[in-house]
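Subject: Structure handover

Hello,

Here is the structure I promised to pass on. Please open it first, then read my notes below.

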Amino acid sequence: LAHGLQRRVLQRAAAKGDVMALLATDPAFYDDPYPSYERLRADGPVVRNGFVAGTVDHAVANAILRSDDFGTGAGQGELPAPMRRLHGLVRDPDTLSPVDPPSMLAVDPPVHTRYRRLVARAFTARKVGRMADRVQDVASRLLDDLEREPTFDLVGRYAAQLPVAVIADILGVPDAERSQVLGWGNHAATTLDPGLSWAEYRRAATALREMHAWFGHHLERLRRNPGDDLLSQVLQDPEAAELTEEELHAIGLLVLGAGFETTVNLIGNAVVLLDAHPDQLARLQADPDAWADAVEEVLRYDAPVQLTMRAAVRDTEVAGHRISAGEAVLVYLGGANRDPAAFADPGTFDVRRSNAADHIGFSAGVHFCIGASLARLEATVALRTLYERYPDLRVVGRPERRTTRVLRGWEYLPVSTVARV
Ligand code: HEM
């Protein structure tokens, strides 16, 4: 019921031309959201309409994400009305989604701090640096398997496989269970989006239910037989002993899902951008050390996570706009990354842009992405290895976009490794 209502509210607002509601519901708008972001920008740093407030302003977005005056809007007892309308998910422990408390993404300090500490220590830049050989190994092996195939789906066979292999390894998930996890993750990812159709909601709920059941078995297996993976370590940590089973599920499944549902988009978006900008690819081929900077520019130019949301915990002011306690603001990360006040000529894709890393593609503040170093490593290694092996790689056929709105990327991306004749 909540879903039906939410969808109707959005559809009514979209019919009146509400840009934010159109972005949430109309495929034509989320196929290319960037012109819509410019329409919002023209209306000022904080745009309010009948549906919800939103911002594409880099300074305002940063201020909101870093401010103690804002929380996730969830976990405060009663959800603020716009959040309820947006998420609409009925809370059910068997189908808890990444946006439901007690997911780390949906709780505020001090609870958030306690969960985050348990996980963040495994993903420091130093610890991630030690994973470089393993990531390289996975990338090379995936490409070895494609050696005899002059055309293949870059997303299905490579960009999606690399991150899931790495995060499965980190969380002690056996190889044989990886593709099942990948399938569940793809359905579960839709719960990040507002305005799901009933069919989408049912598919996501089923996937989440199966994923939770599987994760329960996985935890049991690691309790009986601990490995040297992150989850086994967490299970043995005295601090974690105080976590409920529901909290363990929320933390574990978020890290697992976030570990592969996002990096796939970064790699796919990069390949499409480089295909459209051969001059930029040529620069990288002449200077392979520049791949890491190019990854920052892809994160800025076409953010794999387009959107997040915060709600004011008390009456406050941002860029001269009063926001009252409980009011939610959509923070368009992808729009803020195109703010001309922060980036010169923001609509130009330039792998040598000096301040590309000022993007907020990994968010900012207390929820700044835990996996940022890992994602950067995976994308850098994946892209460098791909173009070293196949310097003539090009997109062919008809790529298909993912239909998700918060996550922006490709579902199907056919490529040819053979030079054009
Ligand atoms: C949080 C983006 C990869 C784990 C976030 C947030 C963003 C983000 C935007 C914060 C959302 C908010 O502020 O509401 C990305 C992108 C990735 C990526 C663009 C890849 C290109 C990863 C990976 C992991 C990961 C590989 C694996 C460890 C997490 C976790 C959080 C998070 C656990 C929650 C942090 C918290 O709430 O404190 N990510 N992420 N992410 N990410 Fe990532």
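Of the 25 residues around the ligand, which come nearest? They are A258, S363, C369, G371 and A375. A residue counts as near a molecule or strand if its C-beta atom, placed from the backbone, lies within 6 Å of it.

Two notes before the rest. This is a predicted model: local features need pLDDT of at least 70, side-chain atom pairs count only at pLDDT 80 or more, and totals for chains, interfaces and linings use all residues. Residues are numbered from 1 along each chain as its sequence is written.

**The ligand shell**

Three helices each supply at least two residues of the shell around the ligand: helix 15 (245–261), helix 16 (263–276) and helix 20 (372–389). Helix 15 gives the most, with four residues. Helices here are DSSP runs (H or I, at least four residues), as are strands (E, at least two), and both are numbered from the N terminus. By class, the shell has 16 nonpolar, eight polar and one charged residues. Nonpolar covers Ala, Val, Leu, Ile, Met, Phe, Trp, Tyr, Cys and Pro; charged covers Asp, Glu, Lys and Arg; the others, Gly among them, are polar.

S363 is found in the loop between helix 19 and helix 20. Its phi is positive, about 70 degrees, although S363 is not a glycine. The cut-offs are 20 or more other C-beta atoms within 10 Å of its own for buried, 12 or fewer for exposed, and in between for partly exposed, with C-beta atoms placed from the backbone.

D345 lies in the loop between helix 19 (333–336) and helix 20. Phi of D345 is near 50 degrees, a positive value in a residue other than glycine. D345 is exposed, with 8 other C-beta atoms within 10 Å.

**Helix pairs**

Two packed helices are described by the angle between their axes and the distance between the axes. Axes are lines fitted to C-alpha atoms, for helices over the stretch in contact, and angles run from 0 to 180 degrees between N-to-C directions.

Start with helix 13 (residues 198–224) and helix 15. They pack at an angle of about 100 degrees, with their axes 11 Å apart. That makes helix 13 roughly perpendicular to helix 15. Angles of 65 to 115 degrees count as roughly perpendicular, under 35 as roughly parallel, over 145 as roughly antiparallel and the rest as oblique. M211, H212, F215 and L219 of helix 13 make the contact with L248, H249, G252 and L253 of helix 15. Two residues are in contact if their C-beta atoms, placed from the backbone, lie within 7 Å. The residues of this contact divide into five nonpolar, three polar and no charged.

Next come helix 16 and helix 18 (residues 291–301). Their axes come within 10 Å and cross at roughly 95 degrees. Helix 16 is therefore roughly perpendicular to helix 18. L266, N269, A270 and L273 in helix 16 meet V295, V298, L299 and Y301 in helix 18. This contact has seven nonpolar, one polar and no charged residues.

Then helix 11 (residues 161–170) and helix 12 (residues 178–188). The pair packs at an angle of about 110 degrees, with axes 10 Å apart. Helix 11 and helix 12 are therefore roughly perpendicular to each other. V164, A165 and A168 in helix 11 meet R178, V181 and L182 in helix 12. By class, that contact has five nonpolar, no polar and one charged residues.

Q180 is also found in helix 12. Q180 counts as partly exposed, with 13 C-beta neighbours inside 10 Å.

**Two more sites**

V395 is found in strand 9 (residues 394–395). With 17 C-beta neighbours inside 10 Å, V395 counts as partly exposed. V395 touches V271, V272, D275, L413 and V415, not counting residues up to four places away in sequence. The C-alpha atoms of V395 and V415 are separated by 4.3 Å, though the two are 20 residues apart along the chain.

Last, the peptide bond from P109 to P110 is cis, with omega near 5 degrees. P110 sits in the loop between helix 6 (81–87) and helix 7 (111–120).

Best wishes
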